[in-house]
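Subject: Structure handover

Hello,

Here is the structure for your files. My notes on it follow below the entry.

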Amino acid sequence: MGDAADNIEAVSKAVGVMTDRSCFGLAPSKITISTVGPNPEAFGDLAKADAVLAWSVHAARDDLRKRLVPTTKHTMEELRDGLVGALV
């Protein structure tokens, strides 16, 4: 599926199928959605799915993260605030 935040609708649907008792019946605590966090708002959208949310940071420094994740357009601080806002 690629990064979860790039395909939120399909990821949410897949989580629904995995947690549905008539399908797989997995516990939401056993499903983790991981994302690099392309934007702060993506965390809020992904947090609506019935699963654990993980942020693939790759690096704590913005300059190194930019080299490792060239598609990033936001600072670690902006993304962190988006994640915290989604979880609170």
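Thr-19 counts as buried because its relative accessibility is 19%, where buried means under 20% relative accessible area, exposed over 50%, and partly exposed in between (1.4 Å probe, protein chains only). Thr-19 is part of helix H1, which covers residues 8–19. Not counting residues up to four places away in sequence, Thr-19 touches Gly-25, Leu-26, Pro-28, Ile-31 and Asp-50; contact here means heavy atoms within 4.5 Å.

Two points on the source. This is a predicted model, with local features needing pLDDT of at least 70 and side-chain atom pairs counting only at pLDDT 80 or more, while totals for chains, interfaces and linings use all residues. Residues are numbered from 1 along each chain as its sequence is written, and side-chain values use heavy atoms, with hydrogens and water left out.

Thr-72 sits in the loop between helix H3 (62–68) and helix H4 (76–87). With neighbours within four places in sequence left aside, the contacts of Thr-72 are Arg-65, Lys-66 and Leu-79.

The structure holds 1 aromatic pair. The ring centres of Phe-43 and Trp-55 are 5.8 Å apart and the planes stand at 75°, so the pair is edge-to-face. The pair links distant parts of the chain, 12 residues apart: Phe-43 belongs to helix H2 (residues 40–47) and Trp-55 to strand S2 (residues 52–55). Rings of Phe, Tyr and Trp (its six-membered ring) pair if their centres lie within 6.5 Å; planes under 30 degrees apart count as stacked, over 60 as edge-to-face and the rest as tilted. Phe-43 and Trp-55 are both buried.

For the protein as a whole:

- Secondary structure comes to 4 helices and 2 strands, in the order α-β-α-β-α-α along the sequence. Helices (H or I, at least four residues) and strands (E, at least two) are DSSP runs, numbered from the N terminus.
- The C-alpha atoms fill a box of roughly 45 × 25 × 20 Å along the principal axes.
- Of the 88 residues, 31% count as buried.
- Of the contacts between residues at least 6 apart in sequence, 39% join residues at least 24 apart.
- The accessible surface is about 5,600 Å², and 56% of that belongs to carbon and sulfur atoms. Areas come from the Shrake-Rupley method with a 1.4 Å probe; for residues, only the protein chains shown count as cover.

Regards
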